[in-house]
Amino acid sequence: MLHKSLLFFVSGLLFTACKDKDQLFKDAICIQNITTIDAEAGAQENQTVVLQDEKIIKVAPTDELQLALENNIIDGTGKFMIPGLWDAHVHFAYIEELAPAMFNLFLAYGITSVRDTGGKTDFVKKWKDQADANPTEAPRVFFAGPLMDGMPNVYNGSTPARPPLSVGLKDVEAAEQMADELIAQGVDLLKAYEMLSPEQFKAIMKKAKEKDIIVTGHIPLSMDAITVADLGMNSIEHLRNLEMSMAKDSEELLKMRQKLLELGKEEEGGVLRANIHQAQRMEAIANADKEKTKAVLAALKRNNTWQVPTLSIMTAVVDHPFANPEWKKSFDYLPESVGKKWTESLDRYLEREVPENQKVYAQWLYDMTKQMQEEKIGILAGTDCPIFYLLPGLSLHGELEFFSRAGMSPMEILKSATLSPAQYFDMEDELGLIQEGMFADLLLLDANPLEDIRNTQQINTVIRHGKVYDREALKELLEEASN
């Protein structure tokens with residue numbers, strides 16, 4: 001039997017021998033001496049991350065993984081690696097002429113996955129199929145197909161601001177049939193909208209549970225938030241209509257909405273919806289009740305109903321992020337026809353005075369986002385781009401800044417744009433963390449996002465499905481987007 005001191009000596013030699021052996025990873029990319037940051041491990045300094053094909057195959061401290069000089073090595077000294085970012089609320093079909101540029105814009109700003117939340121199936125699926133066929137050239141795409149709305153439907157193509165993103169469903173049978181058709185066409189989720197009747201909404205939820213598919217959307221104006229959450233709605237966009245269920249007189253407000261919906265059957269859907277919002281939103285906020293708010297938040301939490309605040313669009317009327325000269329300069333990356341329209345209309349828009357009620361509503365959105373984070377209700381980062389001058393890609397970084405303004409910590413914010421969307425789609429074993437076996441969707445930053453979330457904009461390198469885009473390649477993506 002070996003003496004204990006001799007055993008330690010032999011073990012030390014074995015460890016040194018293993019440590020000193022140069023490792024060669026064939027056809028791989030080795031990113032050495034970098035600080036990795038994700039929502040589970042936090043910040044880990046001096047790491048080496050090895051990518052092979054489309055996966056992360058090795059993550060280890062740099063001083064424990066000695067690389068052979070023949071490896072393809074990227075020096076990560078002074079840089080920070082985070083998982084690729086998601087924009088969990090986009091619309092390829094909102095401005096159809098912009099759609100061909102959106103892949104480049106997303107990748108150039110580090111967005112490696114997107115969730116399209118409403119548009120004609122044949123149009124949006126074309127982009128999903130293209131992304132699936134060329135995963136290194138485009139973000140990963142999940143899509144919902146058209147908004148499933150009641151009658152009169154909101155996005156019916158009646159105005160440029162309301163393009164035909166929805167289908168108006170006249171009854172329960174039509175809702176069931178549309179759910180079946182969309183699922184058969186391969187959508188990743190369904191989106192329920194505001195003009196649905198309670199019976200239609202329940203039928204959609206029943207179909208979704210039978211087919212095991214996610215349902216997102218807005219709380220129908222004919223319903224209350226607790227009922228919608230208890231029926232199993234997986235996520236709510238824009239915190240839409242939550243305030244109406246948090247008011248002291250929420251039951252009376254619901255009865256009034258149902259009456260207005262009945263009386264407005266012959267009106268334009270967008271006009272009717274706007275009138276109901278105008279009649280109730282500010283009254284509900286002014287009469288917010290602590291106990292009812294607590295009950296709504298409890299329902300969201302127990303049902304794991306994710307929230308997508310989209311502060312980028314919901315508060316932009318007050319905060320005007322697009323007034324920043326750098327933001328306006330980014331319009332140069334848009335196709336010329338789109339960029340010209342945005343520049344001209346934006347200059348006119350910025351001359352308007354911000355209504356006081358919009359300021360109150362924006363503050364409510366910030367406060368509610370913070371309260372939901374404190375209550376451990378899941379939050380996803382999404383923007384609603386390209387609506388309202390929200391440039392695809394860049395606007396997601398604006399959303400992260402808005403989350404910071406709402407009081408979320410940098411790590412909480414990073415989680416909302418990395419791990420949380422992966423969890424939403426049950427893909428946390430494949431995406432959202434820097435671990436072995438995960439897809440190689442990554443960002444290399446020149447500054448630490450945990451010190452300032454705005455540092456997510458200090459992009460040095462984007463890696464999508466294992467393909468490396470350095471600064472020059474990212475610049476080329478932006479230049480191509482405008483052509």
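1. Let's start with helix α10, which covers residues 290-302: at 1.5 Å a residue, its 13 residues should span 18 Å, and its end C-alpha atoms are 18 Å apart, which agrees. The expected span here is 1.5 Å times one less than the number of residues. Helices (H or I, at least four residues) and strands (E, at least two) are DSSP runs, numbered from the N terminus.

2. A word on what you are looking at: this is a predicted model, in which local features need pLDDT of at least 70 and side-chain atom pairs count only at pLDDT 80 or more, while totals for chains, interfaces and linings use all residues. Residues are numbered from 1 along each chain as its sequence is written, and side-chain values use heavy atoms, with hydrogens and water left out.

3. Which residues of α10 are buried? They are Thr293, Val296, Leu297, Ala299 and Leu300, where buried means under 20% relative accessible area, exposed over 50% and partly exposed in between (1.4 Å probe, protein chains only). Seen down the axis of α10, these buried residues fall within an arc of 155 degrees, so they line one face of the helix; the arc is that of the directions from the helix axis to the C-beta atoms.

4. The buried residues are covered by elements including α6 (225-230), β13 (235-237), α7 (242-245), β14 (306-308) and α15 (356-374), with contact meaning heavy atoms within 4.5 Å.

5. Have a look at both ends of α10 too. At its start, a side-chain oxygen of Asp289 comes to within 3.1 Å of the backbone nitrogen of Glu291. A polar contact is a pair of N or O atoms within 3.5 Å; within protein, one must be able to donate a hydrogen and the other to accept it, and residues adjacent in sequence count only if both atoms are side-chain atoms. After α10 comes Asn304, with a positive phi near 55 degrees.

6. Asp171 caps the N-terminal end of α4, with a side-chain oxygen 3.3 Å from the backbone nitrogen of Glu173. Just after α4, Gly186 has a positive phi of about 95 degrees.

7. On to the aromatic rings: a search of the whole structure finds 20 aromatic pairs. Rings of Phe, Tyr and Trp (its six-membered ring) pair if their centres lie within 6.5 Å; planes under 30 degrees apart count as stacked, over 60 as edge-to-face and the rest as tilted. The rings of Phe92 and Phe106 have centres 6.3 Å apart and planes at 70 degrees, so this pair is edge-to-face. Both Phe92 and Phe106 are buried.

8. Finally, how far is the charged end of Lys55 from the centre of the ring of Phe439? It sits over that ring, 4.9 Å from the centre. The charged end of Arg140 sits over the ring of Phe439 as well, 5.3 Å from its centre. A charge sits over a ring if NZ of Lys or CZ of Arg is within 6 Å of the ring centre and within 35 degrees of the ring normal.
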